[in-house]
Amino acid sequence: MSLEINVHEQSCRGCELCIDICPTKVFELDEDKRLCVVKHAEDCIACLSCAYICPSNAISHTDYHAVKNFYRDAEFCQRMGKFL
Amino acid sequence: METTNQRRALQDAMVFLGAIASGTEQAIGESANNISYLAGVNLGKKLSDGVARTDDIQQALDSTREVLEKNDYLWLFEPFKTHDQESVVQESEEGTQVMLVFRDCMIRQSLFRFGHIQKGSLCNMMYGFFAGALQNIMGRESSLEIVHAGENACYKKLTVRRAP
């Protein structure tokens, strides 16, 4: 699995919220374009906070591990059954 | 039908867990963190009982992970380093540090199910779990600081204190 992050240039307003929230400093501001760009995609932990906080929905991730909603997953429910 | 009932019961249990955490935090404030921390310590010590001792932090983390997997705890983690770090294991004045990424987490799922905030008392249970397990496995004190609580993963700093 090779995670990719994409910032949609036409959507990005350069608000820098993604830069502020990212715990591993994946993004930086392109001063010329006044847009946020991906600087270190390899440092992304796929917390998805940038995508959630972006007001213009400009950030997308591909090939990442999406957390299991185990309470909706039959196999996990069976494994968790012992806690009930 | 059995699965449907189990799923319903599990969701109820998760909502109940979120409600307890929320209520406890409202009632006793930050002391709620200590309660869930101690619950985590007890759990960590209990589940890691009999695990071989080691001074190597990576081996200790492997053992902790095995303990969680063996007991079907959905609390799996992985050590992580950024591009500018030479090694996963860092030495600092406080002790030996490793950054950990937590992806699938039953606590986070419970909080979202109930609509409760992250970084609350329930998250301290994992801090306690590591403290208890690493006390057994390495014989050393440790802390697990939440650097970032995300929607799909959390980023935490594990510090294992030096032996006195």
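Tutor: Welcome! Before we start, two strands pair if DSSP finds at least two bridges between them. Please keep in mind that this is a predicted model.

Student: Thanks! How many bridges are there between strand 2 of chain B and strand 3 of chain B?

Tutor: Strand 2 covers residues 89-91 of chain B, and a hairpin of 3 residues leads from strand 2 of chain B into strand 3 of chain B. Within this pairing, Val89(B) has Val98(B) as its bridge partner.

Student: Which residue of strand 3 of chain B is the bridge partner of Glu78(B)?

Tutor: Here strand 3 of chain B pairs with strand 1 of chain B, residues 75-80. These two run antiparallel and are joined by 5 bridges. The bridge partner of Glu78(B) is Val101(B).

Student: And how many bridges join strand 3 of chain B to strand 5 of chain B?

Tutor: Strand 5 of chain B spans residues 154-161, and its pairing with strand 3 of chain B is antiparallel. One place to look is Thr96(B), whose bridge partner in strand 5 of chain B is Val160(B). The count of bridges joining strand 3 of chain B to strand 5 of chain B is 8.

Student: Let's move to the helices. At what angle do helix 2 of chain B and helix 5 of chain B pack?

Tutor: Helix 2 is residues 31-47 of chain B and helix 5 is residues 124-138 of chain B. Their crossing is right-handed. Their axes lie 6 Å apart, and the angle is about 35°.

Student: How many charged residues are in the contact of helix 2 of chain B with helix 5 of chain B?

Tutor: The residues that meet include Tyr37(B), Val41(B) and Lys45(B) in helix 2 of chain B, and Phe129(B), Gly132(B) and Asn136(B) in helix 5 of chain B. By class, the contact has 13 nonpolar and 10 polar residues, and the number of charged residues is 1.

Student: Why is helix 3 of chain B oblique to helix 5 of chain B?

Tutor: Helix 3 of chain B, residues 57-70, packs against helix 5 of chain B with axes 10 Å apart, at an angle of about 125°. Angles over 145 degrees count as roughly antiparallel, and 65 to 115 as roughly perpendicular. The angle between helix 3 of chain B and helix 5 of chain B therefore makes the pair oblique.

Student: How many nonpolar residues does the contact of helix 3 of chain B with helix 5 of chain B have?

Tutor: From helix 3 of chain B come Ala60(B), Ser63(B), Thr64(B) and Val67(B). They meet Phe130(B), Ala133(B), Leu134(B), Ile137(B) and Met138(B) in helix 5 of chain B. No charged residue takes part, 2 are polar, and the number of nonpolar residues is 7.

Student: Which residue just after helix 4 of chain B takes a positive phi?

Tutor: Helix 4 covers residues 106-114 of chain B, and its buried residues include Met106(B), Arg108(B) and Leu111(B). The phi just after helix 4 of chain B is about 80°, and the residue is Gly115(B).

Student: Now chain A, please. In what order do the elements of chain A run?

Tutor: Chain A has 3 helices and 4 strands. Of its 84 residues, 27% count as buried. Starting at the N terminus, the order is β-α-β-β-α-β-α.

Student: Is Arg34(A) buried or exposed?

Tutor: Arg34(A) sits in the loop between strand 2 and strand 3 of chain A. Its phi is positive, about 60°, although Arg34(A) is not a glycine. An exposed residue has 12 or fewer C-beta neighbours. Arg34(A) has 11 inside 10 Å, so it counts as exposed.

Student: How far apart in space are Gly14(A) and Ile45(A)?

Tutor: Gly14(A) lies in the loop between strand 1 and helix 1 of chain A. Beyond four places in sequence, it touches Leu29(A), Arg34(A), Leu35(A) and Cys36(A). From Gly14(A) to Ile45(A) is 31 residues in sequence, and the C-alpha to C-alpha distance is 22 Å.

Technical notes: Residues are numbered from 1 along each chain as its sequence is written. Chains are lettered from A and ligands numbered from 1 in the order in which they are written. This is a predicted model: local features need pLDDT of at least 70, side-chain atom pairs count only at pLDDT 80 or more; totals for chains, interfaces and linings use all residues. Axes are lines fitted to C-alpha atoms, for helices over the stretch in contact, and angles run from 0 to 180 degrees between N-to-C directions. A crossing is left-handed if the near helix is turned anticlockwise from the far one by less than a right angle, and right-handed if clockwise. Two residues are in contact if their C-beta atoms, placed from the backbone, lie within 7 Å. Ala, Val, Leu, Ile, Met, Phe, Trp, Tyr, Cys and Pro count as nonpolar, Asp, Glu, Lys and Arg as charged, and the others, Gly among them, as polar. A residue is buried if 20 or more other C-beta atoms lie within 10 Å of its own, exposed if 12 or fewer, and partly exposed in between; C-beta atoms are placed from the backbone. Angles under 35 degrees count as roughly parallel, over 145 as roughly antiparallel, 65 to 115 as roughly perpendicular and the rest as oblique.
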